[in-house]
Amino acid sequence: MILIFEALLAGYIFWRAILPLRLHWGWRAALSALLAVAAFKFHLLHLFGGPMFFSPVLPEWLLLAAAWLFSVLFLFFFLLLAADIVVGLYRLMLFFLRKKRTARRRIIVNRVNLALLVLSAVLATVGVIGGTSVPGVRVETITVGHLPEEVDGMTIALLADLHADGITRADRIRRIVQRTNSLNPDLVVIAGDFVDGTVPVHGEDLRPLADLKARYGVFGVPGNHEYYSGYEEWMEFFPTLGIRMLPNEHVLTGGGNVILAGVTDPVAGMTGREEPDINKALEGAPPGKVRILASHQPRLAREAARHGVDLQLSGHTHGGMITGIDRLVARFNDGFVSGPYQVGSMKLYVSNGAGIWNGFPVRIGVPAEIVLIRLKRE
């Protein structure tokens, strides 16, 4: 799938932006080579960075430079596409008005392409800065109908998509932990995608998570990237940081008033491991309690609502990363992409994530976030 998109990216931009240029063939060849390097960066980095496709072991500056170059290309692709739609409508209008197109079309196209390329570079720079910065805090009040008085006002710090890797190292994780602790949450839930890479390479980058503090403890569920990174090893490592993982399990928390359940990730079945099972996660849970489900991917929400879950906490989407592109991301996640939703009688919160994947570390209009959820009686 990634290879197809890389080829589409390279082919479309070559046809739209390089072919129209009046340049010597040597310059066109050089630009085409640069285009190919930027477009196929995932496979090139994988070639030189070891066995981890999603987390090549390469210097941080190289990962950032490659990510920036790819981001410029990605944004240029969509801006060119938007320009072609506008031009197509304009041509249609000329056809119906029986007017001739200007002979200076090639010059105009090249100037517009240059302007769009410069805009793409500016947006990519802003986006990478936004994507790699320390997340801010977003406070959300969520009402629950039968919330016991004892936990009215209970706070949950939701972290998701930390993605410790060659760009997000221990220092950034430490600052996220410090900001989370400053909120003094009653409970911390980490909704998957802790890491990209193996325990020997990135275990120390996640070590600051051991300093997370919460009255009722720190809990987590695996995300799809844990399955790409050595699932069994990570599931053994996380408890050494004081994180209680909930793969299709539940615990009683909040002084026995809240059932906190967790599920595995839907990608688990593709790797021969236990698929998410809400029934199993809630098996033996006492009736009449508030039910909170941690699920990395939000697309389990409708099933969770049918199981009587009151609140689901998810991540995975990164909020769509870019305003406008977020609508496309939502289509791949059952319509859920960022913030609070009402799913039947259940509330769902989808975090933008506290981190970003090194493959595309861009945020434009969709900031990273540490979410502090305050539960209130309805």
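Biologist: How much space lies in the largest pocket?

Modeller: About 1,400 Å³ lies in the largest pocket. The model is predicted, so to speak of a local feature takes pLDDT of at least 70 and side-chain atom pairs count only at 80 or more, while totals for chains, interfaces and linings use all residues. Residues are numbered from 1 along each chain as its sequence is written, and side-chain values use heavy atoms, without hydrogens and water.

Biologist: What makes a space a pocket, and what makes one a cavity?

Modeller: On a 1 Å grid over the protein atoms alone, a cavity is a set of points where a 1.4 Å probe fits but cannot get out; a pocket is an open set with protein on both sides within 12 Å along at least five of seven lines, and lining residues have an atom within 4 Å of a point. The structure holds one cavity of 30 Å³ or more. The volume of the largest cavity is about 50 Å³.

Biologist: Which residues lie closest to the centre of the largest pocket?

Modeller: Of its 32 lining residues, Met-1, Ile-2, Met-321, Phe-332 and Trp-357 are the closest. Helix H1 (2-18), helix H4 (60-97), helix H8 (224-228) and helix H12 (325-331) each give two or more residues to this lining. By class, the pocket lining has 21 nonpolar, nine polar and two charged residues.

Biologist: Which residues line the largest cavity?

Modeller: Among them are Lys-41, Phe-42, Leu-45 and Trp-357. By class, the cavity lining has six nonpolar, three polar and one charged residues.

Biologist: Which residues of helix H3 are buried?

Modeller: In H3 (residues 41-49), Lys-41, Phe-42, Leu-45 and Gly-49 are buried, that is, under 20% relative accessible area, where over 50% is exposed and in between is partly exposed (1.4 Å probe, protein chains only). These residues cover an arc of only 100° around the axis, which puts them on the same side of H3.

Biologist: Why is Arg-377 called partly exposed?

Modeller: Its relative accessibility is 43%. The term covers values between 20% and 50%, so Arg-377 counts as partly exposed. Arg-377 is found in strand S12 (residues 369-377). The C-alpha atoms of Arg-377 and Leu-147 are separated by 5.3 Å, although these residues are 230 residues apart along the chain.

Biologist: How many bridges join S6 to S7?

Modeller: Five bridges join S6 to strand S7 (residues 258-262), and the two run antiparallel. S6 and S7 form a hairpin with four residues between them, and Gly-254 in the turn has a positive phi of about 60°.

Biologist: What is the order of the strands in the open sheet?

Modeller: The order is S6-S7-S8-S9-S11-S10, with mixed pairing. Strand S6 (249-253) and strand S10 (339-343) are the edge strands, as each pairs on one side only.

Note on methods
Pairing = 2+ DSSP bridges. Arc of directions from axis to C-beta. Points joined across faces, edges and corners; volume = space filled by probe spheres on them. Nonpolar A, V, L, I, M, F, W, Y, C, P; charged D, E, K, R; others polar.
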